[in-house]
Structures are given as structure tokens and as C-alpha cells.
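Student: I have a new structure open and would like to learn how to read it. Could you walk me through a few features, one at a time?

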Amino acid sequence: MFENTSKLADIMFEKTLTDIVKGIRGSKRDTALYISQCIAEIKQEINSTDLYVKANALNKLTFLQMMGYGMSYASFASIEVMSSPRFAHKRIGYLAACQGFNQNTEVILLTTNLLQKELRSAVGGIGMYETGLAINCISNIVTEDLARDVLPELTNLTSHPQPYLRKKAVLCLFKLFMRYPQALRLTFDKIQKCLEDSNSSVVSCAVNVVTELSDKNAKNYLHLAPAFFQLLTQSQNNWMLIKVVKLLGSLVPEEPRLARKLLEPLAAMVQSTQAKSLLYESVYTISLCLPYCRKADGSMPASVPAILQLCGKTLREFCADKDQNLKYLGLVGFSSLRQSHPKCLMESDARPLILSCLSDEDITIRKRALDLLPGMTSRKNLQELIEQLLTHVEAATGQYRKDLVLKIIQLCSSEKYALLQDFPWYLDILFKLSFFSLTDDLGELIGKQITDVALRVLPVRPYAVKTCCDLLAYPREVKMLPQVLPATAWVVGEYADLLETTYRDLVQTLTSPSNVGQLPFSTQSVYLQASLKIFAAATEKATDQEVVQCVDLLTDNLPVYMQSLDAEIQERAFTGLEIMKAFNLTSDQPGLTTFDNNSAASGNLLGMTGDSKPTKSNSSSIRVNLVSTCRSTAASLNFIFKPEPMKPISSKAQRKKSQSPKGGIDLEWLTAPVDLGVFSRLDDTPSHPKPSMEQISFTQQQQQPSRQPSVQTAPVVQQIGLNDMMEKVPPRVGPDINGSESTGLNQSRPQDPFYLDAGNKAMENDNPTEGAKFGTIQLLGSEDEEENLALRKKRKKDKKRKKQKPAKDFGISNAPTMAVYDSGDDDDANYASS
Amino acid sequence: MIKGIIIVNNQGKPRLTKFYQSVTSEEKQQSVIRRVFQQVAQRPDSFCNYLEGSIPEWGENIKLIYRHYATLYFVFAVDSQESDLGILDLIQVFVEALDKCFENVCELDLIFHADRVHYVLDEVVMGGMVLETNINSILQAIKDQGKMHSDSLTKVKPGESASSIRERLGGDVSKWTYNW
């Protein structure tokens, strides 16, 4: 009695889940405080001996876990509550375990016995739900050990009279396979049996499991393809049909002949089914099959065009549908169809649909439509499409903007600009893009495109140069992508001979420290080089005055860059200046012009009244000299800065170029034996007595006379088997040593860069040394020796294989026809027989 | 496979969370919930129900398929093995089941009886795999288990539920005669 009342009292004082929820909703301001109070209570209650109290506490804790409060301390309590005979408590305990346990929870191993018991005692009727609970829990918390332990009981349940338990058991088996893969081989035949179950839910679950499995490794389930074919044609359950279709689609890459067989039933399904989900999956799977449908002679089966038509029509209906989901799926289907038939979108009625999707508000749909664009563009519509996309770029933000820009560039530059006809227009597009704020990698891409176009397309160069000049002249306030500037500078420099405008202004823009000093170092170095190239062009073409001005600008500005922090810039500035000095292109008194102008303007600055005129004429004569020097050096300058116009060479041409050597190369030295006289410097000591044991130094490598095979005393330092190796001096080197004695060294090969005259004499004197040197090298080359042995063995094997090859070839050709239903895995054969 | 199921309300409060591919700590779970909510809440109802995903805890190629009912977002995070339209149907089936169990379900029901919502879900999706799609089978299972649940809480010997005793005794209480 007392027990009961105290229990009653206990219950009355504890909060239920409802109380907690009410409390949380009521305590708007101090929710966290309230919850921590509740948690403190829960911690106490959970250690109570009364299962009711425990279960109640666990229930509350599971709720709080959803809000982010950990419940790891309640793991053991979960197990206690799970073992309660009352169904309600079991439910609470299992739920707490599913929410709170993870792979590292140690108490999971305590559940093993309990779960095994539950699985074993599966009764029919209403008691099956308890077992169902256990199976559910296993599917959520299973670890490798638990999987191993419950596998037998679970497998038995797949043949339980109750379909409820069968379907749960089959599904749970997959979760076991994920943790304990060996289980698959042991139980796969049970899953196969479930595929033929009388209850459609069980079959669905079995199909589900096989679909997931075949996603991981489709080969193993090829032999089930006939069974699935059967299901495909006979079943009515849409959900299962979807899974079967997906499964067959995943098998197709493994067995291409399946693809052709699938086309008919899938097409039939497309025409007959009402369910949009099944319709979509069928169309999608057809698009997966089409790439594999090519027959041996390369042609497509006759049914393909009709099927393609059917798919295209269905997908277009999807895209035209008001339902956004169907639109999305239509676009996904088209991009899959494009994998096998890239031109499927070229028909006129698909295009306006997809373009309208491009302007849809939904970003998911827009992205998918963007992916389809490469299939829809042709030479005629490229320009207007890109211009529309440009307007989108303005409006777009974030990742979508990046995708848009990438797509624009991709469309224009694909297949070496196959679609592009108007290159100046493309350059304009690129320049427009460079005024948007984009990421660095996109900036680089745009820069590369600009240089690429200028490089490849000769007619557009004058236009490119002109526009780049204009661009460079923009004030710094106009925000441009920083990576585009070096590209424009390079174009201007490289094709400076096409310049029409003032060279001086350009050089000014490119070198004046106020302009350029703020730019990143890589840009600065490109600017400097370009300015020199422009100057080279100017020496040829510009007016006298311009030449002089350029010289002055360069002489003034380049020294500034020699103080730059970046080594490359320093180097370029220095090299440029030195070249100019070498050609006498600098004005010797750089201040003269300015000085001159000043004094001319303001009268006698330094009191040199009478000198102004003569100095002026003097300076002008110096100037004239300067100009003539410049003109005469034009050719050399141009050669230095632009030796050969860069042009892209295709990889094929490059290969051909490298294969054919220029005439007259004497390749004998490549195949001649190695002249080891080169290593004369390795020889420290001139005389080489046989080392005794006492002389062996472990810190200093001595020369050993080991050329004669009969030499047996080898230093202890060497490896043990080396004596044998000494005898087996590899033929390619041993005779060569002798050979080099007789032939190589005696031949005079003065043109051989490695041939040392001094070394020759040394060689003749120190033959034993030479061999000894070889001996020392051989130490390191002992691996080579082993390698040679291996090589020789391999050669022998190859010979054997060659002999056997004809027979093997014969065997191989038969294999493919049998390979289909032979999964090739021995283990699979094992379980099939078990 | 279904990686996880999350039900959040319009303010981002989670009403049900089920992680089938486990996310090991509570902080990570909460951040997943937040991220899912942020992405889903941005989309007006006219947009399609698919979000191609960026939930790093669950991996790449995850799609968020969601449905918005009144004040709740039902979000299923799936990988490529699941049929997109099929999952939308499944969400519909799940909500219908909840409707039948709670009688015109609303958010309050989910708040106060979160455990019961879990029990319903366990009949539809088990361990991340779709278990049952037929609404009648689901409802039957839930009804039976609900009965077992309430029976087991009455203080009688387990195995001898109150309803079975009543049946054994003949059903109609008024007909019982007392043998004093």
C-alpha cells in the first residue's frame, strides 16, 4: 500500500512530456533556464528504480535532444527501459536509442542479448509488433559486432509467416550489410527468395534492397535481371516499378546488351502509365540506356529514332507544364538525353521552352536550363543568346553569376571557337564582362581568352590592339577585373606594330609609376615588357619626336622599377634599361630636355644666359643623333623583344617536329658505352692496395680493387652476398669496361662533351682504379644487379607467354558470351550452391 | 537512401528530426537543421520542391525534397537512388497518415506528441529506406500498436491486457453477476 502511494506521489511530482512542452512555451524569456532545470530533474529521475519514472524521463529527454541537448548519459537507461515487458516502455526505450546512440556508444553491445531474444521470440498476431520494434531499432543503431550477432535471427525472420515482419527483416538486412559486408554473401539467397514473395510490400522492400546494393556494385546482380524483367512487365505497384526501372538502369553500364532489350518495355511503359513519377523514371532510364545501344557495326537499332521522339515529346510536355517540379524534371531528363544524343534539343519547339526556363525565377530551374544551352546553340543564334545572357549576368548574384559567365565563355570558345563568327564582337563581350565584379579565376579566364583570341585570329588583331589601348587608358577609378589588364597589355605589346595611336601615350600609361605602381606585381612586369616592345615598334614606325619622347619616358621611369620589391620587376626594368644603354639609346643627360625647357621658359635659371641657344641646338643635335640611333637599332630591338611571332602549334605538329631531328646529328654517342672517365674526380687516393680488415673504416668509403672477378676479399662494410654479385658483373657493363679500355678510350671523340682528355690518360694508368671505381659504384648498384636478374627472369617469362599466346587468344574470344551470367566471383558461386 | 528527415516550422524550430545517416554530435545536428531551414525558407511556394544540395555532413549529391504545409516544412534529404517524384508522394502519404492519427493534424499536435509522430514515421520509413507506401497498411499497423501501447500501461500482468480480460469475461459488463 505504501509502496503504491509513494509511487503515485512520485508520479504526481514528475513532469510529463506535455508539462515540459507547456513549460517551454510558457517561459518565453528564460527558456534555457527552464530547460536546464528540467534536465537536472531528468538526470535524477533517470536513475530511479521505477521503470515508469525512468521511461517518462527518457521520453522527455528524447524530446529535448531534438532541441540540441545531448543524451549520452542516458544510454544505459535506454537499455533498461527497452527491456521492460510493457510495450509502451519498449517503444520509449527504442526511440531513445535510435535518437541518442551512435556508432561509438559503448553500451550497444549490451543490447545484443535483448535484441536476439526479441527476434527469436517473434510471435504471430499482435505480438509481432514487439519484434517489429526491435528490428526498427537495429536498423538505426547497428554496428559491425551487433550485425554479426543478430544476423542469423534476422535472416530467419525473412521467412516468417507474417509479411509485416518479413518486409522489415529484409529492409533491415541492408543496414546490416552496410556495417558487416560479409553478411551479404551469407544471406543473399534469402533476399532473392523475398523477390518472389506473395506479398507485394515484401517484394517492394526486397527490390529496394537490391537497388541500393546494385548502386554499389552492379555486377553481382546481373543474374537477377531476368527476374526484374518479369516484375517490370507484371507488377502493378508503381513504387516498386520505379525501383525496378532504376535498378535496371543501374545494371545497364555493366551489361550493354541489356540496354537494347530494355528499350521496348520502357517505351511501352512511357506510353501506358498514368503516374508521372513512373513516366519520368522510365524516360530517364531510356536516356541512360541509349548510349549503350550502339550495335557492333556502330549503328543504332531501328527503334531508336521513334523512342527518341517519344522521350523528347514527353520531356517537352514536362517542361511546358505549369508545375515547377515537372519543369525541373523535364530539364534534368533533357540533360541526360543529351549524353547520347547531343542534338536532341536542336528542334525548334524545344528551344523557346528552355529559354523561358532560363528566365524563370527559380534558381534551381535556371541552373538546369543553363546546362542545356550547349546543346541548343548554333552559329546563327549564338550572338543573340549571349547578349541575352549578358543581361542576366547583371542581375545575377553569387554562384549563379559565376556559372553564367563560365557558360558564356564555354559556349563561345568550345571546339576552338567553332560557333563564333564575329570575333570583334566576342572581344567586346569579354571586355564588357571584365567590368563586372567577378572572382579571380574568372578574371584569369577572361584574360586568357583575350590573349587566345588575339593570338589565333589574325584579322582581329588590329581591332584587339585598338580596343586594348582604349582599355588601358581608362582611369583607375573605373573598376576592372585586375587579371584582364596584363592580358590587354600583352596584346598591345605583342602586336605593337599594328598600333595606330600615339606610342608615347601608351608608354606613358604603361610605365608611369603613379599609374602603374599600385597594380599587382605580375601586372607591373607585364606592363614593363610591353612598354619595351612598344618602344621597339616605335623605333621603326613612330615620328622622330615620339621616339625621343619614348626614350625619355623609359629612361625616366624604368629606374624607378629597379627599386621595386619584386625581383622579376627589377630584373625586367634593369634588363630593359641596359639594353637601351647598350644600343646607346639613352639620352646621356636625361635632365637636359627638362632643364632645357625650364631655362627656355623661365629665362636664366642658372644664369646661363648665353648658353640656352647653343645648348638647345646642342640638345637638338643630340636628339637627332638619338633618333637616328634608334632607327638603326630598330631591327635588333625588334628581334630582341619579339623574335618570332607566337603562334599556337597543334599537338600533332609538335610531335612531328620533335620526332624528326635536324640533319647531321650524330647519334652514336647516345648508344656508345658510358665513359666513366668522367668520374675521375671521385677518385681521391691514387694508389689502391688491397684493404685489410684493420684498414676498413666505417666512416670513409675506400676504393676497392674489385675489377677481377677473382677478387674475393671484400670489405665487411659491403653486403654479404656481394662477392657473388662481383662475379656476376652484368654483361652490359662488364664487357664494356673491357671494351672501353680497348675501344672507347682509344677512340678519339673530341666532340663528345663528356670526353676528357686528361681523364683518358688517367684511365690508362689507373685501369685497376677504374675497375675499382666501378666496383664502388657497384655497391650502390647492387639493386641494379637484382633488377637485372628480375629483368632476365621477366624476359624468360615473356618468351614463355609468347609461346602460349596463340592458345590463350583462342580461349579469350569465347569468354565474353559466358561472362554475362558468370559473375566471375568465386564467392558468389559458393553461396549460390549453399 | 534517405539520409535524414527534418520537420521545421516557419521560424526554424525543429519539430521532428531523424538522422538516418548519423551526424554524430548535437551541435552538428543543430547546424544541419539550421542550414536546411535557411535554404528551404528562402524559396517561395511557386518554386519547385527540389533543392540541389549542399549539406556537407551528409555528403555530395544530396537533394533536399521538401513540401510546405501551412506552418511546417517537411524536408527529406535523399541521394540519387530515390525517385524525386516518388519521395514527394511519400511525404504526402506521411502527412495523410498523421492526419488520420491525429484527426486534422496541426502543428500543435506535432509539438505535444512528438513521440507519436516518430512512431508513425517508423511505419513509413525504416532506417532510411522506404518501408511501406500503402496508406491502409500504415494506418493498420499504427492502430494496432496504439492499442498495445495503451493496454500495456494499465497495471495488469503483462500479456494479459485489460481488453483481453474483458473479452475473456464475456464482454458486456452489465451482464456480470456477482457470486457473493
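Tutor: Gladly! Let's begin with strand pairing: two strands count as a pair if DSSP finds at least two bridges between them. Keep in mind throughout that this is a predicted model.

Student: Which residue is the bridge partner of Ile5(B) in strand 2 of chain B?

Tutor: The partner of Ile5(B) is Lys18(B). That bridge belongs to the pairing of strand 1 (residues 2-9) with strand 2 of chain B, an antiparallel one with 5 bridges. The hairpin of these two strands has 4 residues between them, and there Gly12(B) takes a positive phi near 95°.

Student: And how many residues of strand 2 of chain B are buried?

Tutor: Strand 2 (residues 14-19) of chain B has 6 of its 6 residues buried, so to read that word you need the cut-off of under 20% relative accessible area.

Student: How many bridges join strand 4 of chain B to strand 5 of chain B?

Tutor: There are 7 bridges between strand 4 and strand 5 (residues 72-78) of chain B, and the two run antiparallel. Strand 4 (residues 63-69) of chain B also pairs with strand 3 (residues 50-52) of chain B, again in the antiparallel sense, over 3 bridges. Follow Leu64(B) to see both pairings: Leu64(B) is the bridge partner of Leu51(B), and Leu64(B) stands opposite Ala77(B) in strand 5 of chain B.

Student: What is the phi of Ala70(B)?

Tutor: Ala70(B) has a positive phi of about 50°, although it is not a glycine. Look for Ala70(B) in the loop between strand 4 and strand 5 of chain B, a hairpin with 2 residues between the strands. With a relative accessibility of 68%, Ala70(B) counts as exposed. Glu103(B) lies in the loop between helix 2 (84-102) and helix 3 of chain B, and at 65% relative accessibility it counts as exposed.

Student: Now chain A, please. How many helices and strands are there in chain A?

Tutor: Chain A has 41 helices and 0 strands. Of its 834 residues, 48% count as buried. For contacts in chain A with a separation of 6 or more, 68% come from residues 24 or more positions apart.

Student: How do I read the sides of a helix?

Tutor: Start with the general idea: an α-helix has 3.6 residues a turn, so residues three or four places apart point the same way. Now take helix 2 (residues 17-26) of chain A, whose buried residues are Leu17(A), Ile20(A), Val21(A), Gly23(A) and Ile24(A). Seen down the axis, these buried residues fall within an arc of 160°, so they line one face of helix 2. The face turned away from that buried side carries the exposed residues Lys22(A) and Gly26(A).

Student: What do the buried residues of helix 2 of chain A pack against?

Tutor: They pack against helix 3 (31-45) and helix 4 of chain A, together with helix 3 (107-112) and helix 4 of chain B.

Student: Which residues of helix 19 of chain A are buried?

Tutor: In helix 19 (residues 350-358) of chain A, the buried residues are Ala350(A), Leu353(A), Ile354(A), Cys357(A) and Leu358(A). Viewed down the axis of helix 19, they fall within an arc of 145°, so they line one face of the helix. What covers them includes helix 17 (304-320), helix 18 (324-340) and helix 20 (363-372) of chain A.

Student: Is Glu118(A) buried or exposed?

Tutor: Glu118(A) is buried, with a relative accessible area of 8%. Its place is in helix 7 (residues 108-120) of chain A. Not counting residues up to four places away in sequence, Glu118(A) touches Lys90(A), Tyr94(A), Glu130(A), Thr131(A) and Ala134(A).

Student: Last topic: how do I find empty space inside?

Tutor: Rolling a probe the size of a water molecule over the atoms shows where empty space is left. Here the count comes to 8 cavities of 30 Å³ or more, and the largest cavity has a volume of about 80 Å³.

Student: Which residues line the largest cavity?

Tutor: Among them are Leu17(A), Asn59(A), Phe63(A), Gln99(A), Asp115(B) and His118(B). Helix 4 of chain A gives the largest share of the lining, 5 residues. The lining divides into 5 nonpolar, 5 polar and 1 charged.

How values were computed. Residues numbered from 1 in each chain as written. Chains lettered and ligands numbered in written order. Predicted model: local features only at pLDDT ≥ 70, side-chain atom pairs only at ≥ 80, totals over all residues. Heavy atoms only, no water. Buried < 20%, exposed > 50% of the residue type's maximum accessible area, 1.4 Å probe, protein only. Arc of directions from axis to C-beta. Contact = heavy atoms within 4.5 Å. 1 Å grid on protein atoms, 1.4 Å probe; cavity = no way out; pocket = protein on both sides within 12 Å on 5 of 7 lines; lining within 4 Å. Points joined across faces, edges and corners; volume = space filled by probe spheres on them. Nonpolar A, V, L, I, M, F, W, Y, C, P; charged D, E, K, R; others polar.
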